[in-house]
Amino acid sequence: MLHIGTHGFLWLAALSLIQNVEFCSSAEIPDVPSIATYFGTKTRYEEVKPNLLRDPLTVNTSVLRPPPGDFCTPFHVTAIIRHGSRFPTIKNIRRIHRLSELLQNEASRTSESSTGWLDELRNRWEPWYTEDMDGQLVRKGREDLQFLAQRLATLLPSLLSEENVRKRRIHFVTSSKHRCVSSVEAFQEGLQQHWGCHDSAQGYNHEVDDELMRFFERCRGYVEGVENNHTALLEVEKFKHGEEMQAVRRRLAEKLGLSLHLLTPDLVEAAFFICSYELSIKSIHSPWCFLFDESDAKVLEYSFDLKQFWKRSHGHLISSLSSCPLFHHIFRTLDKAGRPRRSTEAGPEPASVLVGHAETLIPLISLLGLYKDQTLPTASNYHSQHGRSFRTSRIIPYAANLLFVLYDCQRGPRLQLLINETPLRFPNFQTEDAPLYRDVRAAYRYLLDGCDFNTECERKPEGRGPNTEL
């Protein structure tokens with residue numbers, strides 16, 4: 001049970017008021033900041049799929065692409081999903097309050113204070129975030145997962161069917177974090193809404209498995225070699241104090257009337273995050289958004305991507321190898337679903353839905369060899385990285401999802417990969433949307449036969465330098 005805390009009832013009352021004004025009707029398109037597509041892992045799903053702003057249930061069934069003429073039928077899907085939109089964590093809530101205090105107490109009162117949005121920041125905007133909110137799923141986050149469930153049920157009606165929902169033939173797994181548990185419950189609510197099976201007695205059906213969904217906490221090689229190793233993120237620190245970020249700092253300090261030394265890089269990020277939170281939580285165009293133009297946003301997005309690349313992705317090999325348990329679980333599930341059966345045996349499990357974090361998906365996506373750019377992003381090559389494929393704003397927004405769709409075909413089972421409901425080809429199969437499953441398995445044989453979690457994660461972190469095999 002969630003512990004509400006000393007101020008919990010006050011927070012719940014405030015939350016109720018906030019959420020009553022969070023959303024426009026589906027027919028209305030709210031004013032969206034021009035920088036909304038650069039928020040990294042704090043990006044709304046709608047920035048990746050803008051058609052959902054008009055109709056959150058719109059589905060493009062043509063994304064399912066088994067080869068024509070092979071008479072294929074989808075018979076299993078494994079979905080790895082990030083939780084929906086959430087409140088800031090305590091760390092960012094404290095930064096937001098610090099920034100607000102600075103603005104109230106330290107900002108110079110120049111003639112620029114007559115500017116509408118700046119006047120609103122100084123005199124009318126209140127930091128309504130409280131520490132009780134710490135990373136909790138918001139109402140918009142529940143809708144993220146409810147709508148996703150309904151779209152996937154439309155896309156794969158035979159798998160996420162009413163019968164499979166009623167008979168609990170769909171396997172649900174989640175991390176223990178409250179935002180993930182709430183998200184998996186919201187997904188199940190979405191399926192029930194789609195099929196009209198509102199059975200309150202049915203309740204929720206999920207398994208909590210942190211070893212699977214929060215593997216990064218258990219991998220000693222990762223924790224010691226990257227998470228707690230200051231040199232592992234050297235490129236990130238260099239960029240935060242480099243020319244591009246310093247230029248953003250100077251512009252922001254001038255606009256706010258603050259001394260440059262008071263406005264740290266962390267507080268610049270906090271101002272940018274307020275814009276993202278106001279949009280993802282309340283669907284409003286916050287006055288904080290006017291502090292940044294597109295060039296500023298691109299610099300901040302690159303800073304976020306550097307952090308994710310060097311901390312969770314291709315930057316250090318152990319970061320992706322830490323996801324071996326999840327990788328093996330996915331392929332065991334696919335193997336089990338695809339193996340031949342006697343006519344008297346029960347059919348395969350139609351769907352497996354696993355809900356975790358950005359930190360769950362990024363290492364897995366990296367282990368699969370996806371979004372590998374030819375040149376590593378560093379603190380010194382920002383201007384040559386504008387066309388990079390590793391953009392977390394596009395890959396890992398709230399409610400990001402990785403779908404493995406297994407088809408029953410004449411020539412044998414085939415596997416298609418989708419990310420955020422969009423087809424994505426496996427690295428070794430750039431001419432096929434749904435290659436034969438046995439071929440995909442053969443391409444990943446080195447990981448299926450190796451990639452042992454204990455072996456990889458219990459090695460001494462010494463010698464685990466940057467992954468240059470790109």
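Is Asp 296 buried or exposed? Select Asp 296: its relative accessibility is 2%, so it counts as buried (buried means under 20% relative accessible area, exposed over 50%, partly exposed in between, with a 1.4 Å probe and protein chains only). This is a predicted model, where local features need pLDDT of at least 70, side-chain atom pairs count only at pLDDT 80 or more, and totals for chains, interfaces and linings use all residues. Residues are numbered from 1 along each chain as its sequence is written, and side-chain values use heavy atoms, with hydrogens and water left out.

Asp 296 sits in helix H13, residues 294-312 (helices are DSSP runs of H or I with at least four residues, strands are runs of E with at least two, numbered from the N terminus). Now show Val 248, Arg 251 and Leu 291: leaving aside neighbours within four places in sequence, these are in contact with Asp 296 (heavy atoms within 4.5 Å).

Next, pick strand S4, residues 351-356, where six of six residues are buried. Ala 351, Val 353 and Val 355 point one way, while Ser 352, Leu 354 and Gly 356 point the other.

Look for Arg 82 opposite Gly 356. Strand S2, residues 170-174, also runs parallel to S4, with five bridges, and Val 173 stands opposite Leu 354.

Key:
Pairing = 2+ DSSP bridges.
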